[in-house]
Amino acid sequence: MDLDVFVSVHRAEWDRLDALLRRRRRLTGAEADELVALYQRTATHLSLIRSSAPDPQLTGRLSQLVARARSAVTGTRRASWRDVTRFLGQGFPAAVYRARHWWVPTALVSTVIAVLLGWWIGTHPEVQSSIAAPSQLRELTRPGGEYETYYSSHPAAAFAAQVWTNNAQAAAMCLVLGVFLGLPVLWILFQNMLNLGVGLGLMSSAGRLDTFLGLVLPHGLLELTAVFVAAGTGLRLGWTLIDPGPRTRRAALAEEGRAAIGMAIGLALVLFVSGAIEGFVTPSGLPTWARIAIGLVAELAFLAYVYVLGGRAARAGETGDLDATDRSASVPAAA
């Protein structure tokens with residue numbers, strides 16, 4: 001596209017839109033219709049310039065013009081409780097449901113890796129000795145040792161808040177760093193599985209695997225699911241850079257990035273629940289079966305939330321992205 005020719009052809013339309021916006025409170029009916037038509041046309045021009053001949057100065061001017069026109073046409077939009085309800089009832093579960101082809105395999109492969117690491121550590125004393133001295137390992141794994149007292153070493157509320165903060169940061173990093181082709185996500189995921197595998201291997205070698213699972217499963221089912229969802233979404237975001245599909249790379253990354261930001265908010269709420277379980281249920285005096293049952297109920301509730309509510313919303317067209325009125329205008333891209 002010849003940018004100079006394009007500008008000379010359409011400059012009069014942009015100037016006319018600017019003039020109408022300056023006196024929008026005194027427009028006639030015909031002028032109001034003209035403003036809407038010019039807004040739609042200018043939004044298309046902006047999208048064409050961004051994709052074909054990006055010019056920072058011109059893009060900035062048209063972006064500001066389109067934003068002013070959108071505000072004049074649609075009015076100032078304020079967030080409401082309806083937006084929160086829509087996000088929790090449709091947007092977030094639909095986004096998780098749509099990403100299931102990424103996070104479900106991520107969960108399965110990661111779990112297998114953690115189990116294999118645990119088996120390798122638990123059956124090889126030389127590997128255990130490379131982790132810590134025998135006396136330190138005994139202190140970790142003995143009844144009343146550090147693995148058990150870890151969950152009750154701080155007041156429940158403070159511990160739950162700390163756990164929630166750490167896990168929310170890890171999930172956010174998976175989502176944000178996915179843009180780097182997903183490579184940092186794989187490293188974060190491996191570190192989590194390595195930590196799980198070490199605990200699994202050391203406690204199983206001490207004959208206390210049942211105790212370890214009784215401590216990890218109540219909160220770990222939901223917590224790890226949230227991490228897997230974040231990691232899978234981050235990997236999908238990285239893949240979008242490689243294969244954006246029929247969309248332009250910019251449009252695809254913007255769409256998936258907005259959905260990922262919403263996912264981070266939703267997963268923070270999920271991790272808040274798992275943090276509360278870890279802070280109040282895991283170290284409680286409840287029988288092991290009762291603690292695991294609470295964790296299992298929380299996990300099944302989340303999966304039902306995703307596959308029932310999310311699946312229904314996704315089939316209805318919900319993607320987890322912003323409303324069309326809140327997104328920048330775009331034009332179709334050829335496949």
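**Burial, helices and a pocket**

Student: Is Leu58 buried or exposed?
Tutor: Leu58 has a relative accessible area of 10%, so it counts as buried. Buried means under 20% relative accessible area, exposed over 50%, and partly exposed in between, using a 1.4 Å probe and protein chains only.

Student: What sort of model is this?
Tutor: This is a predicted model, in which local features need pLDDT of at least 70 and side-chain atom pairs count only at pLDDT 80 or more, while totals for chains, interfaces and linings use all residues. Residues are numbered from 1 along each chain as its sequence is written, and side-chain values use heavy atoms, with hydrogens and water left out.

Student: Which helix is Leu58 in?
Tutor: Leu58 sits in helix H3. Helices (H or I, at least four residues) and strands (E, at least two) are DSSP runs, numbered from the N terminus.

Student: How far does H3 reach?
Tutor: H3 covers residues 56–74, 19 residues, and spans 26 Å from its first C-alpha to its last, close to the 27 Å expected at 1.5 Å a residue. The expected span is 1.5 Å times one less than the number of residues.

Student: Which residues of H3 are buried?
Tutor: Leu58, Thr59, Leu62, Leu65, Val66, Ala69 and Arg70. They lie on the same side of H3 because they cover an arc of only 140 degrees around the axis. That arc is taken from the directions from the helix axis to the C-beta atoms.

Student: What is on the face turned away from them?
Tutor: Pro56, Gln57 and Gln64, which are exposed.

Student: Which residues lie nearest its centre?
Tutor: Of the 29 lining residues, Tyr150, Tyr151, Asn195, Glu223 and Glu278 do.

Student: What is the lining like by class?
Tutor: It has 17 nonpolar, nine polar and three charged residues. Ala, Val, Leu, Ile, Met, Phe, Trp, Tyr, Cys and Pro count as nonpolar, Asp, Glu, Lys and Arg as charged, and the others, Gly among them, as polar.

Student: Which helices each supply at least two residues of the lining?
Tutor: H8 (146–149), H9 (156–177), H10 (183–205) and H11 (209–242).

Student: What about Ala226, buried or exposed?
Tutor: Ala226 is in H11 and is buried, at 0% relative accessibility.

Student: Where does UniProt place the transmembrane regions?
Tutor: The unreviewed UniProt entry lists residues 102–121, 170–190, 212–238, 259–277 and 289–308. UniProt positions are in the numbering used here, feature names are shortened, and annotations may be inferred rather than shown by experiment. In the model, residues 102–121 are 100% helix and 0% strand.

Note on methods:
1 Å grid on protein atoms, 1.4 Å probe; cavity = no way out; pocket = protein on both sides within 12 Å on 5 of 7 lines; lining within 4 Å.
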